[in-house]
Amino acid sequence: MPQLTDDPGRAGTWMTPAEYGASRAALWTGAVVLVTDADGRVLVQSVDYRPDRLLPGGAVDAGEAPSAAAAREVREELGVEGRYPRGLAVDWIPADAPGIPPEMGFPGEILHVYDGGTWSRERIESIRLPDQEITGIDFAEPADLTALMDPGDARRALAALRARINGSGPALLEDGRPTVPTALDRLGVLRTRRVPQHGTWHPGPVPAHLPVRGHSGWLFAPDGRVLLLVARATGAAHLPAPKAEPAVAALPLGYRYADRAALARTAARLTGLAPAGDPAYARLLATPEQVRELSDWGPAGPQEIAAVHAARTQLGLPVPPRTPPTELPEQGLRW
């Protein structure tokens, strides 16, 4: 910042307050809130002034803090009281962003994305829309945001959702793109629809009379995180096969029952990672909660996670802190 002076004849980098003020860029400021339901779907609004969907939120008024604007907008648009102090992303939107009428004189915008959390059914049912502007709401599968929203809005919403899953603080975005992409960003997770696994959860081994439609493993690293596979072509995330890597102390965790068949789950402790056998998949370590947030497990999700933590305790492994999922080396490793 240059030194300020009231002497217009002063040489060097000195500027008058008026000169310095005129030299600064003017930008709009906005605030939106990312809300999900228990199935990980994102709340989007239909409005009466444009065809695409929006996250709840809007302009920050003069002298208003962005977090206060976020709370005010949700109250005005959805009729729901709340505070949203936790930021997920800060986005710089350029003045030449497509789709903005030139006569608007748009100078660019700094837009704050706040974490609205996961809303219960009761909170969702308490939503009351105003008489005008907001014409409806939906909870959208994350992969559907690109079809429902303006491209920049969709990029921002997905980046903010990945930042929430990462748990490492707000993402810095430029036109919806992270300046420092994480593994979830680089691999584009949630850009394709998650495979629904909504069967009822049953602990223990699969009964002998029940056909097994699939089998996957909760394979624990020594730090309590688990192995997760992400398809590089689609960003789809899923648990590996139970014998995908060297592991010990395998135990039947439980199974999901749907369509007269079982999807079995096994828990085990990894002893290492073999060299990557399929370049189509990235191998990551993630917390069980992160795996759940990247999956569509329906109402039985909490039961499966509870079983996973019980198995982790039985295997003598620690509770892992939430950190961004770590992509593992292709050459493998041993613990």
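Biologist: Let's begin with the largest cavity: how does its lining split by class?
Modeller: The lining of the largest cavity has four nonpolar, no polar and four charged residues. Here Ala, Val, Leu, Ile, Met, Phe, Trp, Tyr, Cys and Pro count as nonpolar, Asp, Glu, Lys and Arg as charged, and the others, Gly among them, as polar. This is a predicted model, where local features need pLDDT of at least 70, side-chain atom pairs count only at pLDDT 80 or more, and totals for chains, interfaces and linings use all residues. Residues are numbered from 1 along each chain as its sequence is written, and side-chain values use heavy atoms, with hydrogens and water left out.

Biologist: Which residues line that largest cavity?
Modeller: Arg-232, Ala-276, Tyr-281, Ala-282, Arg-283, Glu-327, Leu-328 and Glu-330. Strand β17 (residues 281-286) gives the most, with three residues. Strands (E, at least two residues) and helices (H or I, at least four) are DSSP runs, numbered from the N terminus.

Biologist: And what is the volume of the largest cavity?
Modeller: About 40 Å³. A volume is the space filled by probe spheres set on the grid points, which are joined across faces, edges and corners. On a 1 Å grid over the protein atoms alone, a cavity is a set of points where a 1.4 Å probe fits but cannot get out, while a pocket is an open set with protein on both sides within 12 Å along at least five of seven lines; lining residues have an atom within 4 Å of a point.

Biologist: Nice. Switching topic, which residues touch the most other members in the largest nonpolar core?
Modeller: Of its 53 residues, those are Val-113, Leu-145, Trp-218, Phe-220, Leu-253 and Val-291. Helix α5 brings the largest share of this core, eight residues. Such a core is a set of buried Ala, Val, Leu, Ile, Met, Phe, Trp, Tyr and Cys residues joined through side-chain atoms within 4.5 Å, with buried meaning under 20% relative accessible area (1.4 Å probe, protein chains only).

Biologist: What is Leu-145 in contact with?
Modeller: Beyond its neighbours within four places in sequence, Leu-145 is in contact (heavy atoms within 4.5 Å) with Val-42, Val-44, Ala-140, Ala-154, Ala-157 and Leu-158.

Definitions and conventions. Buried < 20%, exposed > 50% of the residue type's maximum accessible area, 1.4 Å probe, protein only.
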